[in-house]
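Trainee: I would like to learn how the terms used for a model are tied to its values. Please take me through them one at a time.

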Amino acid sequence: MRPDLAELDLGELEAALEARGFERFHARQLYRWIQKRGVTDFERMTDLPRSMRERLPSAFVLNTPQVVADHRSLDGTRKLMLELADGRRIEAVFIPDTPSMTFCISTQVGCAMACGFCLTGKMGLVRHLTAGEIVGQVRVLAAATGLLESPFNIVLMGMGEPLHNYEHTMKALRMLHAEQGLAVSPRRVTLSTVGIVPGLERLAREPLMPNLAVSLHATTDEQRSAVVPPNRKYPLAAILDACRRFPLRKRSRITFEYVLLEGVNDTPEDARRLAKLLSGIKSKVNLIPLNPSPGIPYRRPSDERVDRFVQILADRHLTVMVRKSRGRDIRAACGQLIVEGGTKKSAAQQMALLMGG
Ligand code: SF4
């Protein structure tokens, strides 16, 4: 088995080179070519000795997700469908001007959390992504959008629950942070979770701490268990308790995401309960009026209902944002990412699924 260079952090790369008879000091150059410049052709790595460039392909592979579809929304959002080395497909989204450039990336193929408003949840979990596949999405998006040399934000809000794939997700963040790579500051990364409490507790001890977003979506356990099934194991009180204990950087706050579902969780009582639940937590609330999709049994509330909800929270001194839906015309908006799992369907069938709704 030849190791995949894309999976190795700098320390692992040094050890792997040495173990195969290369000089370990070339690891920094190699890491820079792969992770910073997005180069996958060894011949183009011109500061490496020619003999090394010739020998590398017999010692290693270098996998990068391949773009198999690139959908552009009228609002500038781009959704890339990416094929992994085993033929599985995932989606990664570029959202411009939010006001920064933002990449929304996946951490799993599918998702086991089964949230009731989410198309990815309908797929079930196909498999975890590796650290290299998570980082690979960023490289591919940065190259496709001309941002390899520019700052961008990353949100782990694509397919999957990042804390369900903890090891690979955190390794990916360390690889992205490496100075020889894209040097992405953890302040520019937001990890979004449904609230896997042991994962939150582990995250609280990480030296590299991303921003935290918690998908709440309901204000009672009964309501939330119906919409976000993991709530049966990790109920609201346990999640909010973990949030209260979460070590925040100066001036940072936890974002609470709340998908508004008409008649389910968007009443004035819900707004009042939400404000009460969040008291004592440094927080901001991100309201997301549902992006309706076929097969999703919920409706988007009217603007009046959304405004009323916002007003109740604002009156209680909460910072509230209503997320503008981006890329709805290409199904790149929240909860709309879906690729039929594995190779069970042909590429044409997968595209039909993606395009046809
Ligand atoms: S909303 Fe997020 S956690 Fe829930 S099913 Fe969809 S991808 Fe998974």
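Mentor: Start with burial: a residue is buried if 20 or more other C-beta atoms lie within 10 Å of its own, exposed if 12 or fewer, and partly exposed in between. Keep in mind that this is a predicted model.

Trainee: Why is glutamine 29 called partly exposed?

Mentor: Glutamine 29 has 15 C-beta neighbours inside 10 Å, so it counts as partly exposed. Exposed would need 12 or fewer and buried 20 or more.

Trainee: Where does glutamine 29 lie, and what does it touch?

Mentor: Glutamine 29 lies in helix α2. Not counting residues up to four places away in sequence, it touches Asp47 and Leu48. Its C-alpha atom is separated by 36 Å from that of glutamate 201, 172 residues apart from it along the chain.

Trainee: What makes glycine 199 buried?

Mentor: Glycine 199 has 21 other C-beta atoms within 10 Å, and therefore it is buried. The cut-off for that term is 20 or more. Glycine 199 has its place in helix α7, residues 197-203. Leaving aside neighbours within four places in sequence, glycine 199 is in contact with Leu163, Tyr166 and Thr193. Between its C-alpha atom and that of alanine 143, 56 residues apart along the chain, there are 32 Å.

Trainee: How do you know whether proline 186 is buried or partly exposed?

Mentor: The count for proline 186 is 19 C-beta neighbours inside 10 Å, so this residue counts as partly exposed. Proline 186 is found in the loop between α6 and β8. Beyond residues up to four places away in sequence, it touches Leu173, His177, Leu208, Met209 and Pro210. The C-alpha atom of isoleucine 154, 32 residues apart from proline 186 along the chain, is separated from that of the proline by 9.2 Å.

Trainee: What makes α5 mostly covered?

Mentor: Of the 14 residues of α5, 12 are buried. Among them are Glu133, Gln137 and Arg139.

Trainee: How do you know that the span of α5 agrees with what a helix of its number of residues should have?

Mentor: Helix α5 (residues 131-144) has 14 residues, which at 1.5 Å a residue should span 20 Å; its end C-alpha atoms are 20 Å apart, so the two agree. Just after α5, glycine 146 takes a positive phi of about 70°. For helix α11 (residues 303-315), 13 residues should span 18 Å, and the end C-alpha atoms are 18 Å apart, which agrees. Histidine 317, which follows α11, has a positive phi near 65°.

Trainee: Which domains does the chain have, and how many residues are in contact between them?

Mentor: The domain assignment gives domain 1 (5-59) and domain 2 (66-356). Their C-alpha centres lie 33 Å apart. In domain 1, 11 residues are in contact with 16 residues of domain 2. Helix α2 (residues 26-36) gives the most to that side of domain 1, with 5 residues. The residues of this side divide into 3 nonpolar, 2 polar and 6 charged.

Trainee: Which residues come nearest to the ligand?

Mentor: Of the 12 residues around the ligand, Cys111, Met113, Cys115, Cys118 and Gly121 come nearest. The shell divides into 7 nonpolar, 4 polar and 1 charged.

Trainee: Where is the pLDDT below 50?

Mentor: The mean pLDDT of the chain is 91, and 92% of its residues reach 70 or more. Over residues 340-357, however, the pLDDT is below 50. Where pLDDT is low, the predicted coordinates should not be read in detail.

Key:
Residues are numbered from 1 along each chain as its sequence is written. This is a predicted model: local features need pLDDT of at least 70, side-chain atom pairs count only at pLDDT 80 or more; totals for chains, interfaces and linings use all residues. pLDDT is the predictor's confidence in each residue, from 0 to 100. Two residues are in contact if their C-beta atoms, placed from the backbone, lie within 7 Å. A residue is near a molecule or strand if its C-beta atom, placed from the backbone, lies within 6 Å of it. Ala, Val, Leu, Ile, Met, Phe, Trp, Tyr, Cys and Pro count as nonpolar, Asp, Glu, Lys and Arg as charged, and the others, Gly among them, as polar. Domain bounds come from an automatic or database domain assignment. Helices (H or I, at least four residues) and strands (E, at least two) are DSSP runs, numbered from the N terminus. The expected span of a helix is 1.5 Å times one less than its number of residues.
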